[in-house]
Amino acid sequence: MARRNNNRYLAGLPFGLTVLSVWICVCSSETAGPPPIRFREVAAQAGLAFVLENSPTAQKHLIETMPGGIAVFDYDGDGRPDIYFTNGAEIPSLEKSSPRYWNRLFHNEGNWKFRDVTEQAGVAGVGYSMGAAAADYDNDGRPDLFVAGVNRNTLYRNLGNGRFEDVTEKAGIKSGEWAVAAGWFDYDRDGKLDLWVVHYAKWSPAYDRYCGDASRGIRIYCHPKYFEGLASTLYHNRGDGTFEDVTERAGIAKFAGRGMSVSFADYDRDGWPDVFVTNDNMPNFLFHNRGNGTFEEVALEAGTALRDAGKPVASMGSEFKDYDNDGLPDLIVTALAGETFPVFRNVGKGNFVDATYQSRLGAAAVKHSGWGLGLFDFNNDGWKDLFTANSHVNDRVELFEPAVYREPDSVFTNSGGTFHDVSQEAGLTLVKAHRGAAFADFNGDGRIDAVVSSLGEPAELWENVSPGGQHWIELRLIGTKSNRDGIGAQIHVGTQYAEMTTTVGYASSADVPLHFGLGTAAMVPKIEIRWPGGAVQTLTEIKADRVVAVTEPVTPPSPGR
């Protein structure tokens with residue numbers, strides 16, 4: 001099914017322009033402070049009825065506390081982002097024995113109404129699912145879906161008729177290890193999306209170590225140190241519907257960790273996408289893309305393996321984006337209470353510095369435990385704000401530590417590169433065991449909304465009702481020589497910089513247009529885009545407050561690319 005036209009898209013832009021970097025003049029007042037951020041929860045009235053069934057047991061199997069990935073993508077091409085929730089299964093069978101364990105796809109009907117289309121779409125899934133990653137891997141104009149799970153992965157191809165086909169086996173995608181998250185990127189820039197799968201550790205339902213205080217009969221989830229880590233897997237897209245496992249050849253097989261999330265960015269601006277993997281109570285991995293099909297692990301020397309204190313933390317989700325508008329992608333990571341949410345600021349030449357407290361996020365987040373996160377401009381002032389889905393990993397932590405298990409979500413407004421907790425004013429008051437989070441403009445009003453999963457409780461849908469007056473623009477990239485989604489494209493809008501990606505936060509995905517807040521600017525003087533295929537495109541004098549569909553030009557690459 002071809003994507004249908006939508007009146008939010010602006011067609012017919014001058015063909016000779018190539019958008020890779022997007023720069024926009026943002027003219028908001030520094031002295032007045034950032035505009036307010038406000039949310040209201042609308043899941044029930046929207047028909048978004050989903051409960052994350054994690055199947056808690058007396059044995060405290062570690063998988064029980066880690067599911068919750070979400071994918072947001074427009075699966076039927078109607079211009080409205082739809083929502084896919086991953087779900088658990090029975091333990092110890094790891095089977096979806098009844099519909100309560102199904103993964104769920106909700107179609108966006110418009111006007112804040114969603115309809116469950118799981119059964120007709122054929123995406124209820126199998127096994128104990130964890131993460132989701134959406135992107136158009138076969139370049140047919142329709143977003144496909146990968147689901148990571150405990151010892152079982154699934155690849156769904158979008159057939160274009162409202163249905164998906166399970167192509168896992170014939171595509172060459174393997175199962176058998178505990179996969180938490182995954183992401184799509186084009187590591188060799190051949191125009192076809194490749195798949196990176198993150199694994200946590202060796203585990204089976206037979207694992208039955210007792211952790212906690214046996215004298216008081218208090219059993220808890222075991223510390224990660226008792227689990228042997230696993231390496232990620234890299235699948236190269238052959239372009240014929242099949243994938244080749246190139247983990248060994250790419251040089252990543254020897255790096256075993258307890259992986260939790262993956263994010264991508266060309267952090268050293270050499271034209272090749274790099275990979276950041278968070279590890280639970282182990283140093284993080286930063287895989288530098290050499291451009292020859294191989295990677296080198298450089299986290300320690302680059303400054304992203306650990307915070308300055310030198311101690312590993314429970315790194316959960318990650319965002320690899322430019323939070324301080326200096327044109328370089330930075331890293332923000334969620335972790336547990338007492339560890340802060342680490343911030344690694346990109347200072348250029350392949351180096352990062354620990355800016356956790358310099359950014360003021362350290363003091364603001366030190367009491368929080370976070371999983372999902374999103375770095376998006378929620379108030380459209382030209383600075384990316386931070387939303388985090390909060391809860392501790394240990395449901396009995398209050399018996400042992402001065403921390404809490406269930407928490408409200410948080411939002412930290414970005415004021416010139418520093419973060420401030422405005423969660424209460426924003427209306428984020430629901431106390432739950434939050435896990436995954438994904439983000440999109442679900443109703444087309446130019447404000448980024450959020451969807452959040454919670455263990456054993458209904459999902460939340462947060463409508464962004466921040467006061468108006470701020471302008472915005474969204475870019476929907478359509479690759480021709482590059483991959484169809486334009487993943488890896490580098491965009492400058494004024495002082496803002498972004499790279500096209502569909503990975504977000506913890507085990508989640510958002511295949512949606514790139515969003516830029518513009519403050520008081522009703523016109524974008526200049527947008528520049530560097531496509532992965534090599535073309536560099538410039539758009540000028542673009543009116544704000546719309547979604548612009550930008551097609552990659554077929555002209556030869558610019559000199560030096």
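Student: What joins Cys211 to Cys222?

Tutor: A disulfide, with S to S at 2.0 Å. The model is predicted: local features need pLDDT of at least 70, side-chain atom pairs pLDDT 80 or more, while totals for chains, interfaces and linings use all residues. Numbering starts from 1 along each chain as its sequence is written, and side-chain values use heavy atoms, without hydrogens and water.

Student: Why is the link of Cys211 and Cys222 called a disulfide?

Tutor: The term requires a pair of cysteine sulfur atoms within 2.5 Å. Here S to S is 2.0 Å, so the pair qualifies. The structure holds 1 disulfide. The angle about the S-S bond is 95°, and the link is right-handed.

Student: Where do Cys211 and Cys222 sit?

Tutor: Cys211 lies in the loop between strand 12 (194-199) and strand 13 (212-213). Cys222 lies in the loop between strand 14 (218-219) and strand 15 (233-237). They are 11 residues apart. Strands are DSSP runs of E, at least two residues, numbered from the N terminus.

Student: How do you know whether Cys211 is buried or exposed?

Tutor: Buried means under 20% relative accessible area, exposed over 50%, partly exposed in between (1.4 Å probe, protein chains only). Cys211 has 8%, so Cys211 counts as buried. Cys222, at 6%, counts as buried too.

Student: What makes strand 26 and strand 27 a pair?

Tutor: Pairing takes at least two DSSP bridges. Strand 26 (residues 385-390) and strand 27 (residues 410-415) have 3, so they pair. They run antiparallel. Leu386 has Phe412 of strand 27 as its bridge partner.

Key: Helix = DSSP H or I, 4+ residues; strand = E, 2+ residues; numbered from the N terminus.
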